[in-house]
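Please open the structure in a viewer and display the side chains.

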Amino acid sequence: MTAAQTPADDTTASVPVACSLTVEGLAEQAGRWERIAARAMTGHTKTADGLRLVFRPEPGIEEELRALVAVETRCCPWATWTVQARGTELALDVHATGDGVTALHGMFTGLRQAPVPR
């Protein structure tokens, strides 16, 4: 699969670090993130310019991850959201600059990793 990317140019640097979702939309999106994490997330790492979330490529996970990223791309255009399928994992890399990095480091902190399959 090829990577799906959001604007990777310098336009993200000029966009205010804010989310445009409504309270209801934010709650719905947060619930979706919690469900996908509980089902298939295997790693969460802060990076110098954002974060990386890693998922098992179970049926439906890549589609849901890409759907979540599509929403994030619209509501948080100050960050670059990239999904890559690599062998036995799906990786979501999110990058930003300035205050966006701090915001990303605070996002997704409550997500619980999926249990290791037996």
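Begin by selecting Trp33, Trp81 and Phe108, which ring pairs link into a cluster. The model is predicted: local features need pLDDT of at least 70, side-chain atom pairs count only at pLDDT 80 or more, and totals for chains, interfaces and linings use all residues. Residues are numbered from 1 along each chain as its sequence is written, and side-chain values use heavy atoms, with hydrogens and water left out.

Rings of Phe, Tyr and Trp (its six-membered ring) pair if their centres lie within 6.5 Å; planes under 30 degrees apart are stacked, over 60 edge-to-face, and the rest tilted.

Trp33 belongs to helix α1 (residues 23-40), whereas Phe108 is in the segment after α3 (99-106), 75 residues away. Helices (H or I, at least four residues) and strands (E, at least two) are DSSP runs numbered from the N terminus.

Are these two residues buried or exposed? Trp33 is buried at 3% relative accessibility, and Phe108 is buried at 12%. Buried denotes under 20% relative accessible area, exposed over 50%, and partly exposed in between (1.4 Å probe, protein chains only).

Trp81 lies in strand β4 (residues 80-86) and Phe108 in the segment after α3, so the pair ties together parts 27 residues apart in sequence. Trp81 is buried, at 0% relative accessibility.
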